[in-house]
Structure formats: structure tokens, C-alpha cells
Amino acid sequence: MRLLARVQAAAATEGEPLIDLGRGNPDVPPPLHVIEALTRSANERSARVHGYAPFSGLTDLRRAIAERYATHYGVEVDPESEVAVVPGTKSALVELVLCVAERGDTVLLPDPYYPDYTSGVALAGANLGLLQLDPARGYAPRFDLAERDGVAVVFLNYPSNPTAAAVGDGTFSGAVEFARATGAAIVHDFAYGDLVFDGRTPRSFLAEPGAREVGVELFSMSKSFGMAGWRLGFVVGNADLVARMTVLQDHVRAGIFEPVQRAGIAALTGPQESVRERAELYQRRRDRVVAALGELAAPCEGTFYVWIRLPGDWTTEELLVRHRLVLAPGEGFGPSGRGWARLSLAVPDDVLDAGLERIAAAATTHG
Ligand SMILES: Cc1ncc(COP(=O)(O)O)c(C=O)c1O
């Protein structure tokens, strides 16, 4: 049974209310100036605002993301040819595979991976290959062990959902080298790019020499700014891949509602305190989890998740049914996730504390 159905079934049974640490929906809304930019634009009774927006996104929005890449990540990108505006990165990561992989090609996913990567692979009729990650080296990819023949696309994701590892030295250069040797396109999922802890600075794949020749990066407005429901993101980097994505946007969609794009410009170019505050909030919650769980928690360097090793005979099913706690089962993230679970920090502090108490109670019953 799928997780949602199991959670609904458990919720319908007698007992304490469920504590849900299984989902990853930002729990802090966007800053006020971003909401105001949306409403200001939506309140304009003009045909331009409410008609079809330019299919490739507002020029000012593409310039705003290019400016962010220059000022925040030290990367110059051309807003005309190296930026595609997309309605969230979730659809883009599916569509990128459709744009690149032919039936029978292989798409390499880091193991463990964000489960939505598998959708594009299935729709393209491609083969799913696994790229081993080394937990002892910050979940760095083992390109030396990877399949090389017929690989069309390689996904990377740092900071990672679900492991919460930030990128380490040598990972991006290894990816560029692998792409040059195999002809594969690299897709770096930077959805949690700004949510890094302990004084780290966000590290973009595109800052790696040669990266834009071989791949793209996905930047999402969902996590940095709490705009997950608004559906806005970008594909940045390789001009050929960006052009393919832009053509696809032209043919499949008819632009994104202008007020959402205006709000995106306000978020990217306006005050940035909220981004730092958001990362600090998740870092504080991470600290509470690590204090409670100690070595069960893998090193959590960013995102709003903690990757937890389930001791001995624990299962997420038992935590759900006996202790009424929802965690995302590790096996949903790939074969290496067996025996692990993902805990979400995107919940209010009291809910997080209640969840940690239930884990402590489970530890007592397991002795
Ligand atoms: C790793 C990762 N990539 C991409 C996404 C999709 O983000 P969005 O479609 O909101 O941009 C998510 C959302 O949870 C995610 O966890």
C-alpha cells in the first residue's frame, strides 16, 4: 500500500493523533513583500497581466535569476539563452529526461534518490541505472563504479533529498569528467541549494568549469522562499538543453500567470533575510533531532530533512501502527534506503518534539 493510503488507514483507527514527519511541504510562508508583489500585480485590471504571459517567461524574471546566479553563486549566465522558466522543477525534471533520453537509453539516479526522478525515466522508456553514493565520503557519487554505456542523463542532487548531504569537493568535477567521457547530460537538482547549515555557502554545479557544456541545474522557488504552491522554477545552464525546454514550454504550456512571475522577481531581487532565517530555523530543528537521536541521524548539512538509520528490527510500519508516527520509509528512495527513514523538519517545533518523544518511546519498547 502506498504511504499516503497507509497513513490514512492508520489515522482512521483508534488512538493518539498521528504525528506526521513524513512529508516535505515548507511550513513557513513566503515573505510579505513577495505576497504583496503577487497581489499588486493581480489587482491590475490590465489585459496584459491577465492574458497569456510570454511563453518563455518575463525578460525581467530571467534577468533576476541570472543576477542571483552572479551575486549568490558566482556564476554568470546569459538570461536569454541559458535560462528556461518552468512551473516548478518537478515537471522540469521529468521533461528534461523526455527531451534527452531515447527508449532504451540509461538514466543514472543517485541511490538514494528523490522518487520523482523515476517518472521521466519510465515515460521515456529508458532504463533506470543506479549511481552508488558513498556514505563514508559525504554521499559522494562513485563514478568509478558507474555504468558508462548508453547513459543519456545523470541526476545529482545536493543538498540531497533524502540524505541531507551537502556537496563535497570533487563531486562536480567528477560529474563533468564523467559527462565528457560518456556524452551523458548532467542534471543537478539544486532545489534545496540555499538551505545549507553550519556556515556553508550554497554551491552551484554551474560554478564548476565545463559544467554548462554538459548540463543544467534546476533552481526552485519552493524551498528558498516557501513558494511551493505557486509553481515557479528555472532550468539554468547548457544552452541546447535550455532551448529544448523552452520549446517544450511553448508547445505544452502557455506561459505562467504574470503575478506569479512578478512575485518571483520580488523574491529573487528583494530583501534576502527570509532565506537566511529559513535556513537557520531548519538548522535549529536539525540540532534538536541530532540531540535526541545521536548517531541514528546521518550528518545533516542542509535541506529540511534528516536521514535516519532505523536500529535493529524497527520498521516505519511499526512506528506508524504502534507509535502513531509517520516517517517516509527509506526504501521509497531506492535500494540503499532499506533500513532507513526520512524525517521532515518542515513542521512546527512542538510537532517535531512530539515526534521525537514517540521515537524515544519506541526505543524503550525495543529495549
Ligand atoms: C529533491 C527535489 N527536487 C525537486 C523538487 C520539486 O520542487 P518544485 O517542483 O516545487 O520546484 C522537490 C520537492 O520536494 C525535491 O525534494
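1. Leaving aside residues up to four places away in sequence, Met221 is in contact (heavy atoms within 4.5 Å) with Gly226, Met227, Leu232, Gly233, Phe234, Gly264, Ala267 and Leu268. The model is a predicted one, in which local features need pLDDT of at least 70 and side-chain atom pairs count only at pLDDT 80 or more, while totals for chains, interfaces and linings use all residues. Residues are numbered from 1 along each chain as its sequence is written, and side-chain values use heavy atoms, with hydrogens and water left out.

2. Met221 is also among the residues with the most contacts inside the largest nonpolar core, which has 57 residues; such a core is a set of buried (under 20% relative accessible area, 1.4 Å probe, protein chains only) Ala, Val, Leu, Ile, Met, Phe, Trp, Tyr and Cys residues joined through side-chain atoms within 4.5 Å. A second, separate core of 32 residues includes Val289, Cys300, Phe304 and Leu325.

3. Turning to the ligand, one of its oxygen atoms is 2.7 Å from a side-chain N or O atom of Thr89, and an oxygen atom of the ligand likewise lies 2.7 Å from a side-chain N or O atom of Lys223. For Lys90, a backbone N or O atom is 2.8 Å from a ligand oxygen atom.

Notes:
Buried means under 20% relative accessible area, exposed over 50%, partly exposed in between (1.4 Å probe, protein chains only). A polar contact is a pair of N or O atoms within 3.5 Å; within protein, one must be able to donate a hydrogen and the other to accept it, and residues adjacent in sequence count only if both atoms are side-chain atoms.
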